[in-house]
Amino acid sequence: MEEGSMFRSLLAILQWWGFNVTVIIMNKWIFQKLDFKFPLSVSCVHFICSSIGAYIVIKVLKLKPLIVVEPEDRWRRIFPMSFVFCINIVLGNVSLRYIPVSFMQTIKSFTPATTVVLQWLVWRKYFDWRIWASLVPIVGGILLTSVTELSFNMFGFCAALFGCLATSTKTILAESLLHGYKFDSINTVYYMAPFATMILGIPALLLEGSGILSWFEAHPAPWSALIIIFSSGVLAFCLNFSIFYVIHSTTAVTFNVAGNLKVAVAVLVSWLIFRNPISYMNAVGCGITLVGCTFYGYVRHMLSQQTPGTPRTPRTPRSKMELLPLVNNDKLEGKV
C-alpha cells in the first residue's frame, strides 16, 4: 500500500472512531448527566438533524449524487426499512439510558449471530460450518459479559438485545427490499430519516411531551442542555458521512478489524468518563466477543473470495458495501 493511501486510510479510521465514540458518549451524557431521560425525543432530534444534513450534502452542496427512487418504491421498499431503522435506533438509545456504554456495545456485537440465525430460521439459508464456528466465541463472550456485568439492568439488556434483532432484520430486509439500488450511507439517511421522523414524531410527543416540559422547567440550564442534545444530532449525521469516507478508503478486512477495535475504544473512553464498574471477567468477556466478531468478519471475507456456484456455499458479500452491515452496525444505523 502506498504511503499516501495508508495515511488516508488511517485518517479515515480515526475520524470515524472519533465521531462514533463522541456520539455514543454524548447520548449517554444526555441521559445520565443532563437527566434528559427521553430516548424517543433524542432519537427524533437525531432523525431531524440527519434529514437536514443529508438534504444539504446531496441537494445544496452536491457532494454526493442522489440515487433516484421511484415514488412507489419509496413507500413499498423504503418505508418498511425506515420503520425497522427507527425501532433499531430507539432501542439503542433506550439501552443507553439503563446500562453502561461498555455493556451496550458488547451486546450489539451479538448482531452477526442474530443475523445468521434469523436468515437460517426464516429464510432457510444455508451457512458454511465455519460461519457457525465463528459465532461460538461471540455467543460465549456475550454470556460471560452478561453474567459478570456489575451494573446489569434487565430492561436495558433486553432493549440492546432486541436492538440486535432489529439490526439483523434491517440487514436481511435490505437484501430484498433494496435490491437494485446501490445505496451509500448518505442516500440511506436521505430517504429513511424523514420517514423515521414521521413515524416517531407523534409517539415522542404523546409519550414524552409533558415530561420534557417538566424537565425544561426544573433544569438549571435548559438552553445549554438543548444545545448539547441538538449537537449530538449533528454529530450523528457527521458519523454517517464518516462511514461513507472510511468505506472508500479501506479494504473490507481493515474495516472489519477497525470496527471491532472501535468498540474497544468506546468501552475504554466511556469507562474513563463515567467510571462504571467493570470486573476482570467482564472485560475478558468483552474481549472474547470482539475477537469472535473479527474472526467472523474474516471468515465471511474468505468465503466471499470463493468462486460463485461452489456447492453448498452460502451467498456471501462480494464487496465492502455488502460486507458492511453484516460486520458492523453503522451503515444504516449511524447512531442517528
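Predicted model: local features only at pLDDT ≥ 70, side-chain atom pairs only at ≥ 80, totals over all residues.
Residues are numbered from 1 along each chain as its sequence is written, and side-chain values use heavy atoms, with hydrogens and water left out. Local features need pLDDT of at least 70, and side-chain atom pairs count only at pLDDT 80 or more, whereas totals for chains, interfaces and linings use all residues.

Salt bridges were examined first. Side chains of opposite charge can pair when their charged atoms come close. A salt bridge is a side-chain nitrogen of Lys or Arg within 4 Å of a carboxyl oxygen of Asp or Glu. The structure holds five of them. A network of salt bridges links E72, D73, R76 and R77. Within it, D73 bridges to R76, with the closest N and O atoms 2.7 Å apart. D73 also bridges to R77, where the closest N and O atoms are 3.7 Å apart. D73 and R76 are three residues apart in helix α3, so about one helical turn separates them. R77 and D73 are four residues apart in helix α3, again about one helical turn. Helices here are DSSP runs (H or I, at least four residues), numbered from the N terminus. Accessibility is given as relative accessible area: buried is under 20%, exposed is over 50%, and partly exposed is in between (1.4 Å probe, protein chains only). D73 is buried at 9%, and R77 is buried at 18%. R76 is partly exposed at 46%. Another salt bridge joins R130 to D128, with the closest N and O atoms 2.9 Å apart. D128 is buried at 8%, while R130 is partly exposed at 34%.

Aromatic contacts came next. Rings of Phe, Tyr and Trp (its six-membered ring) pair if their centres lie within 6.5 Å; planes under 30 degrees apart count as stacked, over 60 as edge-to-face and the rest as tilted. The whole structure contains 15 aromatic pairs. One of them, Y98 with F155, is edge-to-face, at 5.0 Å centre to centre and 80 degrees between the planes. Y98 lies in helix α3 (residues 71-98) and F155 in helix α7 (residues 154-177), so the pair ties together parts 57 residues apart in sequence. Y98 is partly exposed at 33%. The F103 and F152 rings have centres 5.9 Å apart and planes at 50 degrees, so this pair is tilted. F103 sits in helix α4 (residues 101-108) and F152 in the loop between α6 and α7, 49 residues apart. F103 is buried at 1%, whereas F152 is partly exposed at 35%. Ring pairs also link F36, F38 and W215 into a cluster.

Two charges sit over rings. The criterion is NZ of Lys or CZ of Arg within 6 Å of the ring centre and within 35 degrees of the ring normal. K33 lies over the face of W29, at 5.9 Å from the ring centre. R275 lies over the face of W271, at 4.4 Å from the ring centre.

R275 also has a backbone feature. Its phi is near 55 degrees, a positive value in a residue other than glycine. R275 is in the loop between α10 (252-274) and α11 (280-304), and is exposed at 52%. R124 likewise has a positive phi, near 55 degrees. R124 is in the loop between α5 (111-122) and α6 (129-148), and is exposed at 66%.

Disulfides (cysteine sulfur atoms within 2.5 Å) number zero. For C238, the nearest cysteine sulfur is that of C49, 9.9 Å away. C238 is partly exposed at 24%.

Methods. Helix = DSSP H or I, 4+ residues; strand = E, 2+ residues; numbered from the N terminus.
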